[in-house]
Amino acid sequence: MKNNYRGFTLIELLVVVAILGILAYVGVVSYQGFTWSAQKKSVELNLNSILLSNEEYTSDNGEYYYSTTCNASEYQKIQNELLDGKEVLKELGNDWKFCVQGDKNNQTLNINASHKTKTCAITLTDKMAVTRNGSDC
């Protein structure tokens, strides 16, 4: 008598499910890394926008705009003072804290962005030098 079984065994199905799980995990981890690096690049572009706006502010007022405090709502002041109320930083405002600091006597400027939960801080100077600090950067 000939046994003609059609279908898959339980072991074969478990192997396939395990392989699919591993591939899904690798995909999710890669996607998170991609979105994090895209977010950091977006922060750098926003720092450049703030710097260019601050240069225009300097042309109009004779000195750089500096933040009085570096708290979570500082990006709203930066938008009002430098970016003419445009909501350039809104998409990053929930996760990043922006601050414009420097030395008025030497006319130096540092524009800082630090993530609220991760250890990442990106700084842009008035000389267009970008530095990254933190283990997540």
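Strands β3 and β4 form a hairpin with 4 residues between them, and M128 in the turn has a positive phi of about 70°. The model is predicted, so local features need pLDDT of at least 70 and side-chain atom pairs count only at pLDDT 80 or more, whereas totals for chains, interfaces and linings use all residues. Residues are numbered from 1 along each chain as its sequence is written, and side-chain values use heavy atoms, with hydrogens and water left out.

The two strands pair in the antiparallel sense over 4 bridges, where pairing requires that DSSP finds at least two bridges between strands; I122 has R132 in β4 as its bridge partner. Helices (H or I, at least four residues) and strands (E, at least two) are DSSP runs, numbered from the N terminus.

| Strand | Residues |
|---|---|
| β3 | 121-125 |
| β4 | 130-133 |

Not counting residues up to four places away in sequence, W96 touches several residues, including W36, V43, C120 and I122, contact being heavy atoms within 4.5 Å.

S53 lies in helix α1 (residues 10-61) and counts as buried because its relative accessibility is 14%, the cut-off for buried being under 20% relative accessible area (1.4 Å probe, protein chains only). The side chain of S53 reaches the backbone oxygen of S49 at 2.9 Å, and, leaving aside neighbours within four places in sequence, S53 is in contact with L82 and L83.

Note on methods
Buried < 20%, exposed > 50% of the residue type's maximum accessible area, 1.4 Å probe, protein only. Polar contact = N/O pair within 3.5 Å; in protein donor to acceptor, adjacent residues only side chain to side chain.
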